[in-house]
Amino acid sequence: MIFHSKTLLTNYLENKERQIIMNQIRQIHEIKEIAKDKLLGNYRLAVLAILLIQLVTIVIRDLSSTLFRTETFVTSILNLLFLFISLTLLEIFSIGKANLFLNLMTNREAKLQNLYVGFQKNTSQGIILCGIRTLITSIAFTVPSTLFMNFAFQEDHPITTLITTIVFLIGTIITIYLLLTISQVFYLFNDFPDLSAIDAIKFSCKITKGHRLRLFYLHISFVPWYLLSILTLGLGLLWIVPYLQSSLTLFYLNLIEIQQKNGKH
């Protein structure tokens with residue numbers, strides 16, 4: 001099996017006369033440093049890819065609000081169905097986004113057409129994978145937030161408010177855990193073209209075991225950048241989002257390297 005990740009981090013660190021120290025937070029800083037280096041000269045393509053996906057997202061969102069303006073039971077069901085299908089469609093673009101950034105981070109030819117790879121290779125399993133991921137994330141986000149919004153601010157029932165808040169916090173923790181656990185599925189789907197949807201999820205669970213906290217820290221480390229982007233009226237996101245996506249891609253490559261070093265191909 002040929003991995004995108006076979007030599008990237010090893011060669012980079014050997015050239016820098018460094019060595020990866022596993023399970024230490026400073027590895028995250030090193031991954032982010034590599035991400036910045038790899039993006040040099042590639043920002044235009046990365047930004048265009050992110051903008052294109054965002055444009056598709058906006059179009060689908062506006063289409064949903066236009067088609068289902070009247071609120072009835074039937075239109076609500078149709079709206080939910082349309083929302084599920086559209087979110088699944090956007091997830092298929094995420095397969096392409098993962099492919100593009102894998103190519104960028106491994107010095108392979110990257111182009112905007114990479115965004116459509118999810119519609120071109122192993123499409124049926126890709127749709128199943130994206131549908132499962134959409135279902136998991138939708139339920140994980142919707143249930144805790146719905147409970148919180150409906151029951152958290154009842155002044156006459158403080159006990160209910162307390163219980164709802166606790167349930168919301170527990171639900172949020174579970175949601176974060178689930179998202180971190182299945183976070184690598186799109187990269188794996190590119191590295192293993194014949195992988196089934198279920199196997200991609202199982203593989204993601206396997207390689208993220210023991211590394212979820214590191215991945216969570218990587219996400220958290222970008223929060224200050226997102227806050228600073230407010231000062232630029234969101235324009236800073238054109239730099240931050242590709243930087244984050246590149247760092248996440250390199251994190252995946254690092255996970256695969258750890259698997260290889262441990263002999264778990």
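A crossing of two helices is called right-handed if the near helix is turned clockwise from the far one by less than a right angle, and left-handed if anticlockwise. The model shown is predicted, so local features need pLDDT of at least 70 and side-chain atom pairs pLDDT 80 or more, while totals for chains, interfaces and linings use all residues. Residues are numbered from 1 along each chain as its sequence is written, and side-chain values use heavy atoms, leaving out hydrogens and water.

**View 1. Helix H9 (residues 212-220) packs on helix H11 (residues 237-261) at about 165°, with the axes 11 Å apart.** Helices are DSSP runs (H or I, at least four residues) numbered from the N terminus; axes are lines fitted to C-alpha atoms over the stretch in contact, and angles between N-to-C directions run from 0 to 180 degrees. H9 is therefore roughly antiparallel to H11 (over 145 degrees). The crossing of H9 past H11 is right-handed. Look for Arg214, Leu215, Leu218 and His219 of H9 touching residues of H11 that include Leu244, Phe251 and Ile258 (contact: heavy atoms within 4.5 Å).

**View 2. Helix H8 (residues 197-208) crosses H11 at roughly 80°, their axes coming within 10 Å.** That makes H8 roughly perpendicular to H11 (65 to 115 degrees). Here Lys206, Ile207 and Thr208 of H8 meet Tyr252, Leu255, Ile256 and Gln259 of H11.

**View 3. Glu91 and Arg133 form a salt bridge.** Their closest N and O atoms are 2.7 Å apart (cut-off: a side-chain nitrogen of Lys or Arg within 4 Å of a carboxyl oxygen of Asp or Glu). The pair joins helix H4 (residues 73-105) to helix H5 (residues 123-151), 42 residues apart in the chain. Both Glu91 and Arg133 are buried (under 20% relative accessible area, 1.4 Å probe, protein chains only).

Notes:
Helices (H or I, at least four residues) and strands (E, at least two) are DSSP runs, numbered from the N terminus. Angles under 35 degrees count as roughly parallel, over 145 as roughly antiparallel, 65 to 115 as roughly perpendicular and the rest as oblique. Buried means under 20% relative accessible area, exposed over 50%, partly exposed in between (1.4 Å probe, protein chains only).
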